[in-house]
Amino acid sequence: MIKTEKVLHLKSSRGRKVRVVREHYLRELVPCYSSLCQAECANEGKVLSADVTHYVVPDAGVTRDFMEILEFREIQGLVFTQTACQAVQHSRGRRQYNRLRSLLKDPRHDCVLFANEFQEYSYCPREKGEPQDKWQTRCVYQAAVWYHDHLAGLKPVVMITEDQGAVAEYSSLNCGVYVLSTLEYLRTFWPELQAAHELYGSIAQALRERGNEGTEREFAEHLPAEVLEAGIKSGRYTQGTLNVNKHRAQHEAFVRFDGSSNKNSELDSDVLVWGGKNRNRAVHGDMVAVELLPKGEWRGRTTALTEGQGEEKGEESQGQPMPTGRVVGILQRNWRDYVVTFPPREETQSQGRNSLRILATPWDQRIPKIRISTHQADTLQDHRVIVRLDSWDSTSLYPNGHSVRVLGRAGELETEVQTILIENCIHIAPFSEAQLREMPASSPERPWTVDPAEVVTRRDLRDTHLVFSIDPRGCEDVDDTLSVRSLPPGPQGPRLELGVHIADVTHFVKEGTLTDLEARARATTYYLADRRYDMLPAVLSADVCSLLGGVDRYAMSVMWDLDAQTLQVNRVWYGRTLIRSSYQLYYEQAQALLNGEESIEKTMEDHKLSHLIEALETLTQVARHLRAQRDQGGALELEGVEVRAQLDEDKNITALVPRQPLEVHETVAECMIYANHWVARKIQERFPQQALLRHHPPPRQEFFTQLQDSARALGFTIDTRSNKALADSLDQAVDPQDPLVNRLLRVMATQAMSNALYFSTGACPVDQYYHYGLALDRYTHFTSPIRRYADVIVHRLLTAAIAVEEGARPAKASASNKELEEMAQHINNKNRAAQHAQKVSMELFQCLYFRDKDPETAECCDAVIYAIRTNGVLVFIPQYGLKGALYLRNREGQVVRVSQDGRCVWEAGSLQRSLDHVSTTTASGTSTFRLFQHVTVRVSVQTSRCHADTLHLELVSNRAHRAPEPPDRTPRAAPPQGTRGRSQLVQEVVRQAEEALLQAEEKKGRVSELSKEEREFRQSKTPNLYSLLEEVREQALLDLTACGAVGGGPDLGTAARPCATSA
Ligand SMILES: [Zn+2]
């Protein structure tokens, strides 16, 4: 080892130059991390593949400016030098450096780090007077040469640099080591990788433009980091996340505090940041430091309805002045990829030399316009494009960015769906070849079969238990199956055995494999209105793991030995099993069997049918009992509005159909809840510091204000002090004249709820484990490992717990509390994104549905007023499960007046709001709109060029809308006891819709083989609303926004909140 000195020139925080001398040790042996190594380096962990045509070494400048290109997975054999990494760390900050580090760690990327400055023969000291960038380029070149020689010339090495001087100087020095510019490199080696070429062009353009900024200051300078830090410590500044109000994005933003960081104890509310100057270049989602303005300059938040507004939570501040501040610095930028729309030609502004500087409008209203320099302004007008932000200087009114990828023409379905994914940070790359190589083989000709060696290690239930599944019709990924049977009577009397058997995903997906990493990154299957993106490759999710009927499958089982009368648990058994499901039922079929419908029995194989019916009946009894137990504990029966879009083969929406729940849905759900609860108990007891559980915090009382006010208007009192009190008082609040009243009150209660979240047991005190909605002290997710990664983790924890109890040492140390908590946060974030994407895609299809209707002849529909606002009311439309705002005062100051025949006209006048009604007064008289009044509205679509289309509601009459009488139908068997009363009509409509879809499926023929797309992308092209609703069903607590609200809520106070609360 050789010791030398390395001289560093650093800048101090005050801008002074400091010379630092560090001891620098050089070694002969520094791992090269190549599988072609000829020198027996200690290459542990990730190594470069030998299976590439060349290795590529980017210099410091390329690594700094063009990292996005190096991130393409196609570019393999990538060697990052220590020199380049340090340059990124110094010039681009921690965020970019972390990005580089995670790239290096990710086994899906073929790239490694070579510590060239510690390598005796590749290190070159900086010469006197040598400029830093020249020296860095020389170091990288030296490293490239060393690398080539070290591998005995087995692989050509290409260094890429933007320094033309270096290209000229080095390119002919060494045989086998090439020096190219980035553009030449892409042209030579990646001529087909169009996306990389476009990205290169746009980054290069943005870099060229950066020099041409104006000098006039538009904003105050941000304070340096150490000043901010000291200010936050002393309480002068407060740190928090900036939330822009979507409906007043220009002016209104709030800073939400991150718990403990708030030293200013006077502040218990958000801080309002009013106007662009005070926002000082902070972008929605950034972590900022704010300084409060003097009290005299405080303002209130706006409370009137604005276009597109749906719902708001709480109304604490109704326009009263609130703490108001200004942004003094940015602690962390949280910029992501944004979808923007290129402006029409007349709005672009020529910059000469064919280059145009345009202002593109982001799809997300909360993001400011972004300035982009491009040659493509003409061809891309009215296109949606992904852009990234580069900088926002104090001299610029808008941030600068560069385009990354073109999505397509605005308004086209594919463009819009891709937009929704990008906007929710959902990036789904196809499963790679390497990932698919890890999968078990299974094909229609040679289906996968069980391994005899594995069979002996499992409890074999194939001959002893009648196992069956109940899922939505057309379901391919069967996660869960059930069994129930009598046991020989014990000392206390007759006994029952209830079994829940779940797909044994972790048998096939071993921790740390490429498939596991990909599933972890996705965290969940994504359901959109017309497609889904699976978490696992199809061979697992639809075949080998799926608990299909009539085939042997591995399962993870929980089996309870219960007292048949009291359902007291005598014993619980957890473990790996082998099952063969006898019946793969769908819900309606199972319900029909329970109802004793003979027609359905005739269609089924009957060798075990009487057993099956008996089991279904027992299961129904057990589930009612379990439910009653939870009800006593305060479980909430909440109401969501489930509406499904019915699609034809071309994805046109033909109807929006409210969904009819059957008792059997609840029976299955109850068994799953029971299994999840008992697995939660098991893993928490075994791993009190590091088990993954799911809790549902109690709601904040102020969120119940609207529910309580609305109920009071009808003479009901809602007690919200506990879940039990809430559940009981909701049960009492029934208007015999109008069943919708109770339903709407439940919707409001649901909206007041916070979200259920995953956490690690060590990260949360035990008294916060409680699941408020389900009224359970411990809960987790165990029953859907095919489409939720949380369940995969829980399966591994359960396996480890069983192993520990059997005295075996678990194969691998389980994740620490900290790692598990980070994982929980990751999954929570991904779930939030998945739910939001699902909601927005439903809204997209709703707009398509209403857009296709002729506005003149568009049918009117019935709506119910459920909240009063200062300039209008919020209504709910049961027929479509929609909610939205109805304006009673327009921008011209006119108000709605109801004429003699009940129709509505606009006239000059005034509007008065009170707790339970709103009145308009004009020269012709007064009109009043009361809470829970039925009115008639017309739905139309408001199109938008840059943002999502929205639905617009218009008041037609203040009377209930009479739907045309439905054609007479022979009534089906009465719904069984216990189901909530729904109209026969709805049931009928649902049945028809399902039959229509089934017919469409049959017409296409059962696809025996998976299409190429399905195999690779697991991106099903068939409408998958059943799976979508299956997902929705599992969310025992539903938010109706999950299924479609007009416009969607303002983000004030709710920005970080996902749209659906799920169990
Ligand atoms: Zn080596």
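Q: Two strands pair if DSSP finds at least two bridges between them; strands (E, at least two residues) and helices (H or I, at least four) are DSSP runs, numbered from the N terminus. What joins E21 to E22 in this model?
A: A hairpin joins E21 to E22 through two residues. This is a predicted model in which local features need pLDDT of at least 70 and side-chain atom pairs count only at pLDDT 80 or more, while totals for chains, interfaces and linings use all residues. Residues are numbered from 1 along each chain as its sequence is written, and side-chain values use heavy atoms, with hydrogens and water left out.

Q: What makes E21 and E22 a pair?
A: Strand E21 (residues 480-490) and strand E22 (residues 493-503) share nine bridges in the antiparallel sense. At least two are required, so the two strands count as paired. Within this pair, Asp480 has Ile502 of E22 as its bridge partner.

Q: Which atoms coordinate the zinc ion?
A: The SG atoms of Cys32, Cys37 and Cys41 and the NE2 atom of His150 do so, at 2.0 to 2.3 Å. Donors are N, O and S atoms within 2.8 Å of the metal (3.2 Å for Na, K and Ca), so these four qualify. Water is not among the atoms, so sites may look incomplete. In sequence, the donor residues follow the spacing C-x4-C-x3-C-x108-H.

Q: Why is the arrangement around the zinc ion called tetrahedral?
A: The four donor atoms subtend angles of 101 to 117°. Ideal angles for four tetrahedral donors are 109.5 degrees.

Q: Why do Cys37 and Cys41 count as buried?
A: Buried means under 20% relative accessible area, exposed over 50%, and partly exposed in between (1.4 Å probe, protein chains only). Cys37 has 19% relative accessibility and Cys41 has 14%, so both count as buried. Across the protein chain, buried residues make up 56% of the 1063 residues.

Q: How do you know that Ser927 is buried, and what does its side chain reach?
A: Ser927 has a relative accessible area of 5%, which is under 20%, so Ser927 is buried. Ser927 is found in strand E38 (residues 925-930), and its side chain reaches the backbone nitrogen of Val898 at 3.0 Å. A polar contact is a pair of N or O atoms within 3.5 Å; within protein, one must be able to donate a hydrogen and the other to accept it, and residues adjacent in sequence count only if both atoms are side-chain atoms. Contact in general means heavy atoms within 4.5 Å. Not counting residues up to four places away in sequence, Ser927 touches Val896, Arg897, Val898, Val918, Ser919 and Thr920.

Q: Why does Asn245 count as buried, and which side chain does it join?
A: Asn245 has 0% relative accessibility, so Asn245 counts as buried. Asn245 lies in the loop between E8 and strand E9 (252-257). A polar contact of 2.9 Å joins its side chain to that of Glu252.

Q: Why do E10 and E12 stand at the edges of their sheet?
A: The open sheet has five strands in the order E10-E9-E8-E11-E12, with antiparallel pairing. Strand E10 (271-274) and strand E12 (325-332) each have a single partner strand, so one side of each is left without a neighbour in the sheet. The twist averages 45° from one strand to the next. E12 pairs with strand E11 (residues 287-292) over six bridges in the antiparallel sense, and Met287 stands opposite Gln332 in E12.

Q: What lies across E8, E11 and E12?
A: Helix H8 (residues 225-234) lies across these strands and runs at about 120° to E12. Such angles, from 0 to 180 degrees, are taken between N-to-C directions of lines fitted to C-alpha atoms, for helices over the stretch in contact.

Q: What makes Val939 buried, and which residues does it touch?
A: Its relative accessible area is 5%, so Val939 is buried. Not counting residues up to four places away in sequence, Val939 touches Phe850, Cys861, Ile877, Leu951, His952 and Leu953. Val939 and Phe850 are 89 residues apart along the chain, with C-alpha atoms separated by 7.2 Å. Val939 is found in strand E39 (residues 934-942), and E39 pairs with E40 in the antiparallel sense over seven bridges.

Technical notes:
Four donors count as tetrahedral if all angles lie between 85 and 135 degrees; four count as square planar and six as octahedral if opposite donors are over 155 degrees apart and all others between 65 and 115; anything else is irregular.
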